[in-house]
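User: I would like to learn how to read helices, domains and chain contacts from a model. Can you take me through them step by step?

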Amino acid sequence: MITVETFDTIAEAARAMQDRTRYFGGGTLLMRAVNYGDQSFHRMVRARDASLRTIRREGSRILIGAGVTMSQIIASPDTAFLAPVARAIGGPALRNMATVGGNLFAPHPYGDFATALLVLDCRARTADGSDMALEDLLSRRDSIRGIVAAVSVARPAGDDFRFRKVSRVKPKGVSVMSIAAWMPRTGGRLKDVRVAYGAMGSAPARVRSVEQALEGRSLDSQTVEAATRVATEGLHPPDDALASAWYRREVAPVHLRRLLFGDGRR
Amino acid sequence: MTIHKGRGFACINYPIGMNLGGDPSQALVHATPDGKFMVSLASIDLGQGMKSVTRQIAAETLGVPVEDVYVDTADSDTGPHCMGSFASRGTHRVGNAVIRAATEARKQLLDAAAEELEVNPADLETDGKGNIHVRGAPSRRISVANTAIAAQFKQGRTLSGRGIFLVPPSGVDPDTGEMTPVTCFAHAAVIVDLEVDDETGEVDVVEINSAYEVGRALNPKLVEQQLIGGAWMGVSHALYETTEPYYPARDHGPVDFNLYLMPGPAQTVPHHIAVLERPAEDAPFGGKGPGEMCANPVLPAIANAVYNAVGVRCDTLPITPEKILRGIRANGGARPQGTR
Amino acid sequence: MAKKPVRFTHNGRETAIFAESGSNLLDVLRRVVGDLSPKYGCGQGTCGTCIVLIDGEPHLSCLTLAETVEGRKVDTTGGLQNGPDLHPLQKAFMEGFSAQCGYCTPGMLMAAKALLDRNPRPTREEVVEAISGNLCRCTGYDPIVDAILDAAGQTSGRVA
Amino acid sequence: MSSIEFRKDLFADERSDNLNEIGKPTIRQDILGHVTGRTPFYDDHLFDGLLHMRCVRSPHHHARIRSIDFSAAGRMPGVVRIVEVKDVPHNLNTLLSLLNFGRDDEPLIAPQKVAYIGEPVLAIIAETERQARDAVAAVRVSWEVLPHVLDVEEALKPNAPSVNDIYPNNTFDYGPYDHQKLRFGDVERAFQQADHIVEGEYQMSPIEQAPMETCGAIAAPETNDRYVCHTSTQALFFSLSTTAKLMNMASSRLHFIGGTVGGGFGGKVDSIVEPMAVLGAVLTGRPVKFMWDREEEMQVGAPRGAERWRIKDGLTRDGRIIARSFTGFFDAGAYIRLSSYAVQKGTGHLPGPYSIPNVAANVFMVFTNRTPATAMRGFGITGVDFAIECHMDKGAEAVGMNPIDFHILNAYRDGDMKAHRRAAKNAALIECCQVTAGKAGWRIAPDHAQASSLIGGGAGERATIPETVTDQIGRIGERRRENLPTAPYAGSTARGRVAAGAAKQAVVAAPPQHEDMAVDLARFGFSKPQARATRQPHSAVPPASPSSPRPQQPAPPAPQSSSPVPPPAPPQTPASAPRAPQAAEQGQGYRPEEPFQQGIKRPGVSRFISGTRRR
């Protein structure tokens, strides 16, 4: 038996959170759990808070409400750089429901959007006003108590930001892996490079080895080869129904190279 | 990265009708007061078109327009016994039962018309447009509707028929395997063209050419539906599907359609089909069921095309990118087998 | 058992029902409203047979918390027909032999309607994208894509 | 896009195509219901006070049930009835017992032990599905986990865990043997004479039928002490009879309604959901739905079973296959369902559509601790066809032939004797090879382009049953005592012989029970072929412009639609227009909606006076 409580503000909703309670965002994860009789919660909390659905510029950054859907991301000119990522998620119906906040908590092999946010210096704001790096949140997302109200991301310039999703079913399938990279350039050299993988571990994660191989270099074939050599350093990709850990290790360098070369193929 | 083109061939035959027989199906046909016909079955339409094809079979047999026939299935109180829709038996078994039932009803229809026209029933024929007339004298005619009215309201005749079709069971000799498995076979041959990415093992099927021999295409559009959809399923079986990805280990069994893979609408393959029709003597109008066999040749043709492309024999289904990539690694690289 | 009143417009008609707490829109439409056109395929949002339009946009009704449609407009295949007249999509699916078992058809039709309502002349790629959340096990998709493109031709007055 | 052409030029002399309705692209009878969402599937029947039934399922491959504690579950809100083993009147069945094939081996609800993950041990009926799920989660089962076996060949070893108590050797019985034998000629001798030996092993994994509509049934008390059951079954009376047996109830008390199913592909034959729903309705006196969710459909619902095949071919230098032997394993999972039958269907299919003078096969149905397997599109054939056709490709490579030429060279033709000792008829494999090659522009040898299924078969060695070598290896139970090899003839030198030409009568269809049902073949599109000698081989060259029958009202769909490349010629026969269910034939004077009229109309005759009866 499930009870649902709806509040006007995210703050009230946050205060209503207790044991065996889940925050209801878009419902794509939670309603499935309800439909299948998940016994780990019996109470859902919602908020009508309009701020959850807003996208706003904040100087060089963009503030995205946790309740913003993938469809809103595609529609909004302010988040045009994230549209290709949102488009890679689900079908149109799912995108009308799936939210940015929900994607941060989507289990493997989901979380492509979080993977992209991860490289864009993303910070998550919880309802109680506290603020943490997305990377920090993802590392302990199972134990997070508060509700994420919004995320703030940097706005990349030109083609500095790249995203690649590898799935077997087209046009829509879940990730064998996804790769996001933010590669700002100053004087032809890469600076503050961030690269992240999705579906290559328990949660989306940055790939420090690749970032270091790229940092301070120009994006030439030598650099790319150096990066691909360390493409899976320190990673522990999972086996699942889509692919084995072995396969994920084997193809990660290939897809990384194709991403860095901007090769659109598959 | 290299993309290798490959071409593969396979051909098959397929046993039509439940293996070893012993699987009856029945049909009942009766006329409504004004000469429309109802076919009562307990057979199942699971999308293959049972209701539609038996409707055409009944109309053809009765000699009336298809619009005047309706197929009602499946209610165990009103539909006579049918073994079921499986083993490519629907068209063959149920179709034959419907033919026999409709033939008996037609006999009564012609008898009733003969009485009205004062001629010998043997001299009558149907025009398939709702009329019965004397052979060679189209003007001496009566409509099926008026025949039915006369039969039921004046002559006191039913226009109805019973039909059953059974291939009696065949035993199997335990020492030699001697048996009569079925009475006819459908045939198919396919050529698959595909591309293999030798860095990822990913396969793109780019074209299928095929020939399917179906005895007779009872409804060409229903046949097309089966062959197009069936070939899609063949591609899906060959490259994507399994409930046990690590068989015989049971780990990571998919529980939803995100993890149980089937090719999406952006991965459909241009499929150029030729339909051949060699009627089988004991099949309805010679027609063999095309629905079941159509996926079968696609699986090996894809495996053979993958070998032709990169020199990897993938003898284990499904042929995943991982299996191909492991094969390429084991061979020390792709080994294209030459253009066909 | 706790039930919540929900008022919404269903296929153009004002509807007020009591929804069991935590129940999804698919169950409410089928069991409470009695509109059986949306189908259960998975309850996971992975097959699209339950797709309905909410305020004109496609949604997975099996993942939609029923009470969230309060005051909104819900349209299903059950309401697609205009009086006695079939919608061009329905005609195209019929004449294109675009259904076999027919179970995915209502979801396909709703996904297609959402597309054509905002984009009357879609490209093949746009159609494929529009039904990318809908599965069909029978047809191999092409007959469905073809029918949607045909309907687009008709809706925009092309002589078919 | 795709295209379809109808090669009416081929086998034209065996057909007459002058039929009124057959061969026409008539629109489906059910399509209007499909596009309006009005087609009634089993779950589209509303019942007041419908209850929902869910199962408690095994988390183990193989385990003994020590005890089940459902006291907490029984007290939970909405719970109406706990269904235990003792509630099932006759808790043992095998699907094909209706054909008297095999022993009852599977309970509806597992009594003492479970043999696969997901096997039901208890069912709970509640007011809502969610309440049933909550109650199921509250059930506590104490398990004694047993050793399990998941690989078919491991399961054949003497020390392997016994999966199914009714078949303790992990194999189905075929006469005195633990496998189905096929013996035709003498493969051992032929292998010695062969220039090339080609061997291969092939494996397919289980495949889900994946119909969009999951399996389910709704049962409810009806009048006259009967029960109505709306079901997704592919086999109405199969499910009805199975239910009657498990419920130990006269079949006359069951009213099954179905016939409109959201895809089946073989996955809706097993008749599990119907007895469960009826049992629920009987125990509660209320309407009960038992429906699989998608997870159950995928992991508990029976898949197309896995198969493993080993093939050994003996080939001559010039590309003829003179011997072929098979060792096959059908992975049935924990219970028979239909796998026993798949083995015999697969065996009857060997050695594929080829004329091979020496064939042998040992085919096993093996129990393992996995979800039972059942039928799927291509039942018993899909897996072995994959094996055979991959192997044919290797054979062609071994003898250095173009694969299509290799297939045509070995293809069966009319009159050729098949390994199951019946002569082939109505063959058309060669023509399919030729036409496909022509469409794809794959060159084949001129003599193979001229070959015909009608010519060259049915004579000499091709038409005769050879003297056949037999063996008695693999009697039931032998394998529990000692490790026996599985390949044909392996493991013993004792041989028997069956004389050349030995064959029983072929089985043919039962004749019509009454002369009024006897068919006049002339009206059914059959025509007498010319004498074989005078027949021309078929040309593999496709006609210039393929025809694709398309709806006519309204005119053919847009260019994007699946029309041929090059674009289609207009449908060749006017008759190839599909008919909308109520479409009228223009200009034919026929009006299907012509209203009901009493009496008859004949010029000069009162409509109420009949002609005189002729006797």
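This is a predicted model: local features need pLDDT of at least 70, side-chain atom pairs count only at pLDDT 80 or more; totals for chains, interfaces and linings use all residues.

User: Where in H11(A) does a kink lie?

Analyst: At A:Val251, with a kink of about 35°. Just past the helix, A:Gly262 takes a positive phi of about 65°.

User: Which residues of H11(A) are buried?

Analyst: An α-helix has 3.6 residues a turn, so residues three or four places apart point the same way. Now the case here. The buried residues are A:Tyr247, A:Arg248, A:Glu250, A:Val251, A:Ala252, A:His255, A:Leu256, A:Arg258, A:Leu259 and A:Leu260.

User: What do the buried residues of H11(A) pack against?

Analyst: Within chain A, they pack against strands S9 (161-166) and S10 (177-182) and helices H9 (208-214) and H10 (221-229). Helix H6 (321-330) of chain B is also a partner.

User: On to whole chains. How many helices and strands are there in chain D?

Analyst: There are 14 helices and 18 strands. Of the 615 residues of chain D, 57% count as buried. Among contacts in chain D between residues at least 6 apart in sequence, 79% join residues at least 24 apart.

User: Which domains is chain D divided into?

Analyst: Domain 1 covers 51-145, and domain 2 covers 152-207 + 303-478. Their centres, taken over C-alpha atoms, are separated by 39 Å. The contact takes 14 residues from domain 1 of chain D and 18 residues from domain 2 of chain D. The domain 1 side divides into 5 nonpolar, 5 polar and 4 charged residues.

User: What does the domain assignment of chain A give?

Analyst: Domain 1 (3-47), domain 2 (50-154) and domain 3 (161-260). The centres of domain 1 and domain 3 of chain A are 34 Å apart, taken over C-alpha atoms.

User: Now interfaces. How many residues does the contact take from chain D and from chain B?

Analyst: Count each side, then look at its makeup. Chain D supplies 144 residues and chain B 141 residues. On the chain D side, helix H12 (residues 429-440) gives the most, with 8 residues. That side divides into 68 nonpolar, 43 polar and 33 charged residues. Strands also cross over: 4 bridges join S11 (residues 271-276) of chain B to S1 (residues 3-6) of chain D, running parallel. There B:His272 stands opposite D:Ser3.

User: How many residues does the contact take from chain A and from chain C?

Analyst: 20 residues from chain A and 26 residues from chain C. H2(A) gives the most to the chain A side, with 4 residues. The chain A side divides into 11 nonpolar, 7 polar and 2 charged residues.

How values were computed:
Residues are numbered from 1 along each chain as its sequence is written. Chains are lettered from A and ligands numbered from 1 in the order in which they are written. Two residues are in contact if their C-beta atoms, placed from the backbone, lie within 7 Å. Helices (H or I, at least four residues) and strands (E, at least two) are DSSP runs, numbered from the N terminus. Ala, Val, Leu, Ile, Met, Phe, Trp, Tyr, Cys and Pro count as nonpolar, Asp, Glu, Lys and Arg as charged, and the others, Gly among them, as polar. Two strands pair if DSSP finds at least two bridges between them. Domain bounds come from an automatic or database domain assignment. The bend at a residue is the angle between axes fitted to the seven residues ending there and the seven starting there. A residue is buried if 20 or more other C-beta atoms lie within 10 Å of its own, exposed if 12 or fewer, and partly exposed in between; C-beta atoms are placed from the backbone.
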